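Welcome! Take a moment to turn the model around, and then let us walk through it together.

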Amino acid sequence: MAETKWVMKDKRWSLHGMTALVTGGTRGIGHAIVEELAEFGATVHICARNQDDIDKCLEEWKSKGLNVTGSVCDLLCSDQRKRLMEIVGSIFHGKLNILVNNAATNITKKITDYTAEDISAIMGTNFESVYHLCQVAHPLLKDSGNGSIVFISSVAGLKALPVFSVYAASKGAMNQFTKNLALEWAKDNIRANAVAPGPVKTKLLECIVNSSEGNESINGVVSQTFVGRMGETKEISALVAFLCLPAASYITGQVICVDGGFTT
Ligand SMILES: NC(=O)c1ccc[n+]([C@@H]2O[C@H](COP(=O)([O-])OP(=O)(O)OC[C@H]3O[C@@H](n4cnc5c(N)ncnc54)[C@H](OP(=O)(O)O)[C@@H]3O)[C@@H](O)[C@H]2O)c1
C-alpha cells in the first residue's frame with residue numbers, strides 16, 4: 001500500500017515521458033531551465049541563434065546524462081519560428097507537453113531616445129515572436145493531451161523602472177497574454193503561467209548594468225529587495241519546473257514573481 005502511494009506521488013512530481021521546448025536555452029535563465037526540466041525527466045529541445053553555443057551546451061548535457069537536442073532559430077523571423085516547430089514536431093512525434101518562452105532582448109534608454117527600430121527589435125523578440133510561437137505550437141501542445149506554457153516575464157512588466165519602458169511594455173503584454181491564453185486553451189488541456197524574475201546575473205543583465213542609467217536602475221531594485229541580493233538562475237528555474245509538473249495541474253493564468261520580495 002505504501003509503495004502504491006509512493007508511485008502515485010512520484011508521478012505527480014516527475015516529468016518523465018514529457019517533451020519540452022525551451023527558447024534561448026544556451027545561457028542564463030534558459031540554461032538553468034533546460035537542466036531543471038531534464039533532471040525531472042523531460043526530453044528537451046532548445047533553440048538560440050548561435051550554433052557553437054548550442055553544440056557546447058549539448059555536449060555538456062550529454063556528459064551529464066540529460067536528454068537534450070537543439071537547433072538554430074532566430075525567433076525574430078517568422079519563417080524560422082515555423083521551421084523550429086516543424087523540427088520539434090518531427091523529433092517529438094507531434095506531441096509537445098511544455099513550451100517555455102524564455103528568449104528575450106533589451107535596450108535601455110529614456111522614453112524620448114527610443115527609435116522605431118529599437119521598439120521593433122524589443123517588441124518583436126519579446127512579444128510578437130512569443131505570440132506566434134504559441135500559435136504554431138498549439139496543435140502539438142493540444143495533441144500531447146497535457147500542455148503547459150511558461151512565459152518568462154519580468155518584474156519590469158509589473159512595476160515601473162527607469163529606462164525600461166519598451167521592455168516593460170513587452171513583458172506587460174506577455175502577462176496579459178498569459179491570462180487570455182489560459183482562458184482560451186483550458187478546453188484543450190493547456191495551462192499557461194508567467195514567471196516574473198527580479199534581477200538575475202546573466203549576460204542580459206550585464207549589458208544593462210554596463211550603462212550608468214541601467215546600473216542605477218538595477219541598484220535601485222536590489223536596494224528595495226527584502227532579501228538584499230540578486231536572484232540566481234536556479235531560483236527561477238525551480239518555479240518553472242514546478243509549474244510544468246502534474247502537481248501544478250490546477251494552476252493556470254497566473255503571473256508569479258520570483259524577486260526576493262521586491263514587488264511586495
Ligand atoms: N537576467 C535578468 O535579470 C532577468 C530579469 C527578469 C527577467 N528576465 C528574463 O529572463 C529571460 C532570460 O534572460 P537571461 O537574462 O537569461 O538572458 P541571456 O543570458 O541574454 O540569454 C538569452 C538567451 O536567449 C537567446 N536569444 C536571444 N535572442 C534570441 C533570438 N532572437 N532568437 C533565438 N534566441 C535568442 C540567447 O542566445 P543567442 O544570443 O545565441 O540567440 C540566449 O540563449 C528573458 O525573457 C528575460 O527577459 C531576465
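Let us begin at the ligand, which 28 residues surround; the closest are Thr-26, Arg-49, Asn-102, Tyr-167 and Thr-202. Here a residue counts as near a molecule if one of its heavy atoms lies within 4 Å of it. Before going on, please keep in mind that this is a predicted model, in which local features need pLDDT of at least 70 and side-chain atom pairs count only at pLDDT 80 or more, while totals for chains, interfaces and linings use all residues. Residues are numbered from 1 along each chain as its sequence is written, and side-chain values use heavy atoms, with hydrogens and water left out.

Now look at the oxygen atoms of the ligand. A polar side-chain atom of Tyr-167 lies 2.5 Å from one of them, and a backbone N or O atom of Asn-102 is 2.6 Å from an oxygen atom of the ligand. Leu-204 also takes part, with a polar backbone atom 3.5 Å from a ligand oxygen atom.

Helices are DSSP runs (H or I, at least four residues), numbered from the N terminus. The axes of α5 and helix α6 (residues 165-185) come within 9 Å and cross at roughly 15°; axes are lines fitted to C-alpha atoms over the stretch in contact, and angles run from 0 to 180 degrees between N-to-C directions. The two helices α5 and α6 are therefore roughly parallel to each other, a label for angles under 35 degrees.

On to another partner of α5. Helix α4 (residues 78-91) and helix α5 (residues 116-144) have axes that come within 10 Å and cross at roughly 30°. That makes α4 roughly parallel to α5. Among the residues that meet here are Leu-84 and Val-88 in α4, with Leu-133 and Val-136 in α5.

Finally, find helix α2 (residues 28-39) and helix α3 (residues 51-63), which pack at an angle of about 30° with their axes 12 Å apart. That makes α2 roughly parallel to α3. His-31, Val-34 and Glu-35 of α2 make the contact with Cys-57, Glu-60 and Trp-61 of α3.

Methods: Angles under 35 degrees count as roughly parallel, over 145 as roughly antiparallel, 65 to 115 as roughly perpendicular and the rest as oblique. Contact means heavy atoms within 4.5 Å. A polar contact is a pair of N or O atoms within 3.5 Å; within protein, one must be able to donate a hydrogen and the other to accept it, and residues adjacent in sequence count only if both atoms are side-chain atoms.
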